[in-house]
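Thanks for making the time, everyone. I would like to walk through the side-chain contacts in one model, so let me put it on the screen.

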Amino acid sequence: MKYGLELQENIFGPWRLSYVAYDVLKQELKSRQLDHGWTERDEHDFVQLLDNELAKVYEFINAKLSEIDARILYCERTIQTLHQNPSMQSDASYALMDEALTEILFDVNDLSRFTRVNFTAIQKILKKHDRWTGLDLKQEYVAKLRDKPLDKQRFDVAIVYISALHDICRHRGQKADAKPLGGDQNAFERATAKYWIHPDNITEVKAIIMLHLPVLIFNRDKKYEPTDSAISSVYVDNDNFDLYTGRLQRDEGAEAIRLRWYGPYDTKSVFVERKTHHAAWLDGASVKDRFRITEPSVNAFLSGTYTADQIAQEMRATGADSGSVDNVHFIANGVQNSFKEKALAPMLRVYYNRTAFQLPDDQKLRISLDTDLTFIREDHLDGTRRRANNNWRRHDVGINYPFSHLPDSEILRFPYAVLETKLQTHLGQEPPAWLTSLVESHLVHEVPRFSKYLHGACHFYREQLPLLPWWLSEMNVDIRKPRNENIGLTRSRSFKPLIDGRYRRAMIEQKERANQQAVVADRLGDYSPNSLASTNTARASSAETVGKQPKSSMVEEKTSEAWNPVRNRAEYTAIDVQPQAPLGVPVDEKRPPAIVLNDTPAEEPSKSSTSFLPRMYNKTMMLGMPVDRQNEVPAERQKVKVRVEPKVFFANERTFISWLQFCALLLTVALSLLNFGDNVSRIVGGIFIGLAAAVAIYALYRFEKRAWMINRRVDGRYDDLWGPAVLCTLLVAALIVNFYLRFR
C-alpha cells in the first residue's frame with residue numbers, strides 16, 4: 001500500500017485538518033520537477049512549506065497536551081473535593097469521574113497516534129525528496145526535528161497521573177499504598193512471557209493495561225518525573241563470552257550478572273544482580289538474587305578488595321537480621337568468585353524506561369513495559385578506552401536518550417518496546433481474560449525467551465560468538481498486523497470510547513450485576529453444583545472486569561484514609577479550568593460529555609480482523625461482546641477467527657514436496673529399468689512408473705485437502721492414516737512381482 005493511502009486510513013476524523021498535508025507536499029515535488037529541473041528557489045519554497053507543516057503539527061500537539069493537563073487537573077481537584085467531603089461521596093460520583101478519566105485516556109491515545117503518524121509522514125516526504133532531487137535534506141532537517149520533536153513518547157507522565165486518579169476511583173476514594181521497592185522476589189514461581197510492541201501501539205497498550213492494573217509507583221511522596229522510570233544495567237562477561245553462551249544454550253547453572261541502578265546517572269546506590277538457571281543450591285530451580293551496595297564501592301567489590309565478609313559485617317552493624325545477612329553474604333561471595341574464576345569485565349550497557357503495572361497489595365500479576373531500549377558498548381575489546389581508569393561504567397553516557405553524541409558503532413537503538421508479563425503459577429493462578437485478549441491481539445508480537453543482553457551482545461560481538469539467538473530473523477519482519485476494530489481502544493461512529501468493542505458503562509454495570517448475583521447466591525446458601533458453578537463464574541467475571549477492585553480471599557486490601565496524591569498538583573500545570581466547565585470536556589470544544597451514552601451503536605468488527613496464535617496462553621479468545629442497550633444484557637459472544645501462522649502452510653507444502661521427492665526417486669529407478677534392461681526389467685519399470693504417477697496424484701490430493709482444511713479452520717485429523725500403509729503395500733507388491741518374474 002502506498003503511504004498516502006495508509007495515511008488516509010489512520011487519520012482521526014475530528015483532527016483531519018491538523019495532519020501533515022502529505023499529498024500537497026508530494027504534488028509540490030512532482031509538479032516542479034515536471035516543469036523544470038530542481039532549482040534553489042524550488043528547494044527554498046519546499047523547505048518553507050515543510051516548515052509550516054511541522055509547526056502546524058507541533059503547535060496542535062502542544063495545545064492538546066495543555067488541554068489534557070488542564071482536564072487531568074480538574075479531575076484531580078474534583079476527586080480531592082469528594083475525598084475531603086464524605087457527604088458528597090457516592091458510587092455515582094466516582095463513576096462519573098472514572099468515565100471522565102477514560103475519555104481523557106482515549107484523547108491521550110489519539111494524540112500519541114497522531115504524533116507517530118505525522119512523524120512518519122515527514123520522514124517519508126524527506127526520503128522521497130532526497131530520492132527525486134539528489135539532495136540530502138533529511139540529514140539537514142534533523143536539527144529542526146529536534147527543536148520540534150515528534151518521535152518521542154511524550155505522554156507517559158499523563159498516563160501515570162490518570163492511572164493514579166483511576167485507581168482512586170476504582171477504590172471509591174480509598175487509595176492503596178504501594179509496597180516499597182525490593183523485597184523477596186523469589187518467594188514464588190512466575191510464568192514469564194515477553195512480547196515486542198511496535199511504537200505505533202505503545203500508548204494504546206499502556207492505556208489498556210492501565211484500565212485494569214494501576215501504574216506501580218514506589219515513591220508516592222514526591223512528584224513523578226520521567227527520569228523516575230529510567231533503568232540502566234551494565235552486564236559483565238569475559239573475552240570468550242561464556243556467560244552469553246551459557247544463557248543462550250540454557251546450560252545448567254548458567255549465570256547472568258549485571259549492575260543496575262534506577263533514575264539519574266549520579267545515583268547513590270547500585271544493585272548487584274545475578275540470574276541463575278537451574279541453581280544447584282535450590283534443587284534445580286531458577287533464581288534471581290540481588291543486593292545493594294553504594295556506588296563508590298562498586299569498583300572495590302568487583303576487584304575483590306571489598307569482600308563479602310565486609311558487606312555482611314556492615315549489615316550486622318546496622319541491625320539487619322541474620323537471615324538477610326547470610327543471604328547477602330552468599331550472593332556477594334558467589335558473584336566475586338565468578339568474577340575471579342571467569343575473568344569477568346563490563347561488556348554492555350542496557351538502558352530503557354520502564355512502566356510497571358501491578359496492584360499495590362497483590363503480586364499475583366505484574367506487567368512491565370520497557371520503551372526507548374538502547375544498547376551501548378562498555379568493553380575495551382577493540383582497544384578503545386571507553387571506561388576511564390578501568391571504572392565499572394562509562395562517564396560519558398547518562399540517561400539522555402537517544403544518546404545522539406555516541407557514534408553508530410557504539411550504540412544500538414532497539415526499534416520496539418518490550419512487554420513482559422509475570423504470572424504466579426504456584427497457586428494455580430490463571431491469566432485474566434483481558435490479558436489473554438491483549439496478548440492474542442494485533443497489538444503485540446510474542447518473542448519467547450527474548451533477552452536484552454543476548455540481543456545487544458550478538459549485535460556488537462557477532463563475529464566472536466559461536467551461536468546467535470533465534471529471534472534475529474524476526475527483526476526483518478514487520479510485526480504490525482491488520483487492526484481488529486473489536487480489540488483494544490476504538491471509537492464508535494459518534495466517537496464515543498469503546499473498549500474491546502463495548503462501552504465502559506456497560507462493562508462496569510455487567511461487573512456490578514455479577515457481584516450482586518454472587519452475593520445473592522451466597523446468602524441463599526444454595527450449594528448445588530449448578531448454583532456453585534454459576535457463582536464461581538460470576539466471581540471470575542467480576543475479577544476480570546474493570547470497575548471495583550475484585551474481592552478475593554487471597555488478597556487483603558490495604559487502604560489509606562489520608563489523601564496522598566502522586567504529585568503536588570500545583571506543580572503539574574499552570575493552566576486552570578473554570579468551575580462551570582463540563583466534566584472532562586475543555587471549554588473551547590462542544591463535544592458530548594464523557595459520561596453520556598448516546599444511542600449510536602458501536603461499529604461492527606471488521607470481518608477481515610486478524611490475530612496471531614498464542615503461545616503462552618492456550619485458550620480460545622472470546623471477544624467482541626456487543627451490548628443490548630435496551631435490556632443492558634450482554635448479547636451472544638462471537639468467536640474471533642484466529643489467523644493461521646504462515647509456518648502451518650509451509651509445513652503442508654514441505655510434506656507435499658517430500659512425497660514428490662520420493663516419486664522422483666521411484667521414477668528414476670523406473671526409467672533406468674526401462675532403458676537399460678530386458679523384458680522383465682521393462683515390465684517392472686512400467687509398474688514403478690504407474691506407481692510413481694499414482695503416488696504423485698495422491699500427494700497432490702492430500703496437499704489440496706489439507707490446504708482447504710487449514711483455510712477454513714476445519715477440526716479434524718491432518719495426519720495421513722492410509723497413504724503410507726498403502727504405499728508400502730504397493731512397493732512390497734512391486735518387489736514381489738520383480739522377484740517372481742526374475743526367478744521364473
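One aromatic cluster is formed by Trp196, Phe375, Phe414, Tyr416, Phe450, Trp470 and Trp471, where rings of Phe, Tyr and Trp (its six-membered ring) count as paired if their centres lie within 6.5 Å, with planes under 30 degrees apart called stacked, those over 60 edge-to-face and the rest tilted. Please keep in mind that this is a predicted model, in which local features need pLDDT of at least 70 and side-chain atom pairs count only at pLDDT 80 or more, while totals for chains, interfaces and linings use all residues. Residues are numbered from 1 along each chain as its sequence is written, and side-chain values use heavy atoms, with hydrogens and water left out.

How many aromatic pairs does the structure hold? There are 29 of them, and in one, the rings of Tyr19 and Phe114 have centres 4.6 Å apart and planes at 70 degrees, so this pair is edge-to-face. Tyr19 lies in the loop between helix H1 (3-10) and helix H2 (22-35), whereas Phe114 belongs to helix H4, so the contact ties together parts that are 95 residues apart in sequence; helices here are DSSP runs of H or I with at least four residues, strands are runs of E with at least two, and both are numbered from the N terminus. Tyr19 is buried at a relative accessible area of 4%, and Phe114 is buried at 0%, where buried means under 20% relative accessible area, exposed over 50% and partly exposed in between, using a 1.4 Å probe and protein chains only.

Helix H4 itself covers residues 91-133, and its 43 residues reach 63 Å from first C-alpha to last, close to the 63 Å expected at 1.5 Å a residue, the expected span being 1.5 Å times one less than the number of residues. Of those 43 residues, 33 are buried, so H4 is largely enclosed by the rest of the structure. Just after H4, Gly134 takes a positive phi of about 80 degrees.

Turning to charges, the structure holds 29 salt bridges, each being a side-chain nitrogen of Lys or Arg within 4 Å of a carboxyl oxygen of Asp or Glu. Arg32 bridges to Asp42, with the closest N and O atoms 2.5 Å apart; Arg32 lies in helix H2 and Asp42 in helix H3 (residues 40-84), so the pair ties together parts that are 10 residues apart in sequence. Glu273 and Arg290 meet in another salt bridge, at 2.9 Å from N to O, and this pair links strand S5 with strand S6 (residues 285-294), 17 residues apart. Arg290 is buried, with a relative accessible area of 16%, and Arg290 also lies over the face of Phe271, 4.1 Å from the ring centre; for such a contact, NZ of Lys or CZ of Arg must be within 6 Å of the ring centre and within 35 degrees of the ring normal.

Finally, which cysteine sulfur is nearest to that of Cys75? The structure holds 0 disulfides, a disulfide being a pair of cysteine sulfur atoms within 2.5 Å, and for Cys75 the nearest cysteine sulfur is that of Cys169, 8.0 Å away.
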